[in-house]
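Hello,

Here is the structure I promised to send over. Have a look at it first, and then read on for my notes.

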Amino acid sequence: MHEQLEELVADRDRMAELLQVVIEIGPIVDLDWTLRRIVDAALRVTGARYGAIGVWGPDGMLESFVHSGLDAETTSRIGGLPVGKGLLGAMRDNASPSAGPLRLNNLREHPDAVGFPEHHPPMQAFLGMPISIRESVYGGLYVTDDRPHFEFSAADEVTIRALASTASVAIDNARLFERVKASARWTEASRAITAALLSDNHRMRPLQLIAQRAMELTDAEQAIVLGAVEPDDPDGTVESLVISAAVGRYADDVLGQIVPIDESTTGEAYRSGKPQLTEKFRRPIQAFTDVGERPAIVMPLRAENVTLGVIALARSASQPPFDATYLDLVSDFADHAAIALTLAAARDRAEQLSVLADRDRIARDMHDQIIQRIFAVGLDLQGLAGRIHSTEIGRRLAGCINDLQDIIDDVRRTIFDLQHVQHSQRALSQRIRDAVGRLTEHRDIMTSVRLSGPVNVVANELADDVEAVVVEAVSNALRHSEAATVIIDVAVGDELTLNIVDDGRGIPTDNRRHSGLANMACRAERHGGRCTVSSPAGGGTLVSWTAPI
C-alpha cells in the first residue's frame, strides 16, 4: 500500500509538472527557451542526469541540439555537438509519427550505438522519443544517465511521450511564427519596391533594387536578374537572356553576360514560368555558378501572363540549401516586383506620350512659322542677287542663300526627329536600324549596320546619345560626302564603341559649320568617352565614338 501511495503521489507530481510546462510554454514563441524548458522538465520528472532535444534539418542532420546536464567545462572539452549519426540517426531513420519511445537499460548494447567522444560521461540508461509534427518526424527528445543501476520505468515512457508532444507543438508554433514574420518581411519589401519604382526620385535601377532586396531577404550571397536580349520579341521567340542586374559577390564580373535559353536553368524558368530549387545549373554562369554546386532559387518575373525576366539567388556552398518554404515567399515577391515594373513602365509611357505631344506641337510651330520665314528671307535674297552687278557680293550672297538652305534642312531634320522620337524602352538595335532607314530612304546609297555584344542592355540615356550620333554622322555623309556606302558598326563590351565610315570625299577643308561634330564630341564627353573624326588612308570619313558602359 505504501508503494502504491508513493506511485500515486509520483504520478500526481508528474502530472503537475507536465501541466506547468504546458502552461508556461503556451504563450512563448522563443523556440530555444521552450526546448530548454522541456528538457529541464524531463530531467526533473524522470530523475535522469542528462537530457537533450534535437531538431532535424532539411539535409537529415541535426540543425539544433539543446542539451542540459553537462557543465560548461565538460561541454568545452567534448568539443562539437552531435550531428545526428549513431543511435540518434537510427532513431531518425526508423521513426514514424506512430512510433513509441525507445527505452534501453544500457545503450552501449544497442547495435547502432557508437563510441562517445573523449571526455563524454559514460552513459548507461537511455530513453528517447521522436517528435512528430503533422505526420512528419522533426526531431527527438532524449534523456540518459551514467549511474550503473539507474533504469527508466514505464511511467517515464508516458512522461517522455507527453513532453515530446508538447515539444512538437512548441516547434510547430515557433516555425509558424517565423514563417509569419518572414512573410511580413517579404510583404514589406514588396511594398517598398513598389513605392520606390513609382516614386519620382528613386536613384537605383529597378532591377538592381529588386535583386538587392531579394538577396537580403533570402540570406543569399549573390543575386542576378536576367531579361531578354531582344525585349520586343514575343516570349516564344526569345533565344537568349542577358544579365541586366547583379548584386553581391562578383557583381561587376557577372553583369552583361549572355545566357542562351536552350539547355539552361534560367532559360527553362523563363519559358515555363515555373520556379526552381536547384544546387547545380545546367549551364554554368561565369562568376555566379561556375564556382561549384551551390544552393539556388530561380524565379520568373511574370505579370499579366508575360514573363519580364528571371531572378536567380545563390547561397555559398557552406550555407544550408533553400527549402520549399522559400518558393512561395520568393514567388509572391517576384509577382509583386513584376507588377511594380509593369506599373512603372506604364507611368513612364504616359509621361513619354505627354512629351511626344509637346514635341509634336513644337514641330508644327517650327514648320509653320520658322521654316516659312527663313524660306521667305531666302527668296528675297535670291531676288536681290539678280540685281547685283558686283561679282564678289553676288558670290557672298549665293553663299548666304546656300547656308539658309542648310539651315532649313537642319530644321526639317529636327522636326522629323521630334515627330518620330522612339520610346526610351525600345531596343537600341531597332532604334539604330530605324534611324538609318529613315535617313537613307529613297537615297542612292548602300548602308550596313553591324551589331555585336549585348547592345540592348545599354541604358536609355546613353542609347539616346548613340542614336543621335548615328543620325548626325549619316546625315553628314548624305549631305556633304557624296558617299556610295556607309557602314555603321556598334560593339558593346566593357565600353560601347560606335564606328561610322563612308567612302565619300572626306572632310571638306572649307567646311565652315562644325556644330554637328561638336555636338557628337559633347555627347561622348558627358559619358566619360571620346569622339574623333578622321579621313582614312583609302578615302572617306571615319567617325569613332566611344563611351564606357
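Predicted model: local features only at pLDDT ≥ 70, side-chain atom pairs only at ≥ 80, totals over all residues.

**The chain as a whole**

The chain has 549 residues, and 42% of them count as buried. Its secondary structure amounts to 13 helices and 16 strands. If you take the contacts between residues at least 6 apart in sequence, 61% of them join residues at least 24 apart.

W33 belongs to helix α2. Its C-alpha atom lies 9.3 Å from that of V66, a residue 33 places away along the chain. The helix itself covers residues 31–46, which makes 16 residues. From first C-alpha to last, α2 reaches 23 Å, close to the 22 Å expected at 1.5 Å a residue. The buried residues of α2 are T34, L35, R37, I38, V39, A41, A42, L43, V45 and T46. Just after the helix comes G47, with a positive phi of about 80 degrees.

The axes of α2 and α5 cross at roughly 175 degrees and come within 10 Å. That angle makes α2 roughly antiparallel to α5. By class, their contact has 12 nonpolar, four polar and one charged residues. On the α2 side the contact uses L31, T34, L35, I38, A41, A42, V45 and T46. These meet D156, T159, I160, L163, T166, A167, A170, I171 and A174 of α5.

**From α5 to α6**

Helix α5 spans residues 154–198, and α6 spans residues 206–218. The two pack at an angle of about 165 degrees, with their axes 11 Å apart. So α5 is roughly antiparallel to α6. The crossing of α5 past α6 is right-handed.

Which residues of α5 meet α6? They are R185, W186, A189, A192, I193, A196 and L197, and their counterparts in α6 are P206, L209, I210, R213, A214, L217 and T218. The residues of this contact of α5 with α6 divide into 11 nonpolar, one polar and two charged.

Looking at α6 by itself, the helix has 13 residues and reaches 19 Å from its first C-alpha to its last, close to the 18 Å expected at 1.5 Å a residue. Its buried residues are Q208, L209, I210, A211, A214, M215, L217 and T218. D219 follows α6 and has a positive phi, near 55 degrees.

Most residues other than glycine have a negative phi.

Y250 is not a glycine, yet its phi is positive, at about 55 degrees. Y250 sits in the loop between β7 (240–248) and α7 (251–254). With a relative accessible area of 35%, Y250 is partly exposed.

A287, also a residue other than glycine, has a positive phi near 70 degrees. The loop that holds A287 lies between β9 (276–278) and β10 (296–303). Is A287 buried or exposed? A287 counts as buried, because its relative accessibility is 12%.

Helix α11 (residues 428–440) and helix α12 (residues 460–481) have axes that come within 10 Å and cross at roughly 25 degrees. The two helices are therefore roughly parallel to each other. α11 passes α12 in a right-handed crossing. From α11, the contact takes in L428, R431, I432, A435, V436, R438, L439 and T440. From α12 come A463, D464, V466, E467, V470, V471, V474, S475 and L478. By class, the contact of α11 with α12 has 11 nonpolar, two polar and four charged residues.

A524 lies in helix α13 (residues 515–525). A524 is buried, because its relative accessible area is 0%. Leaving aside neighbours within four places in sequence, A524 is in contact with G529, R530, C531, W545 and T546.

Happy to go through any of this with you.

Best wishes

Technical notes: Residues numbered from 1 in each chain as written. Heavy atoms only, no water. Helix = DSSP H or I, 4+ residues; strand = E, 2+ residues; numbered from the N terminus. Expected span 1.5 Å × (residues − 1). Buried < 20%, exposed > 50% of the residue type's maximum accessible area, 1.4 Å probe, protein only. Axes fitted to C-alpha atoms, helices over the stretch in contact; angles between N-to-C directions. Parallel < 35°, antiparallel > 145°, perpendicular 65-115°, else oblique. Left-handed = near helix turned anticlockwise from the far one by under 90°. Contact = heavy atoms within 4.5 Å. Nonpolar A, V, L, I, M, F, W, Y, C, P; charged D, E, K, R; others polar.
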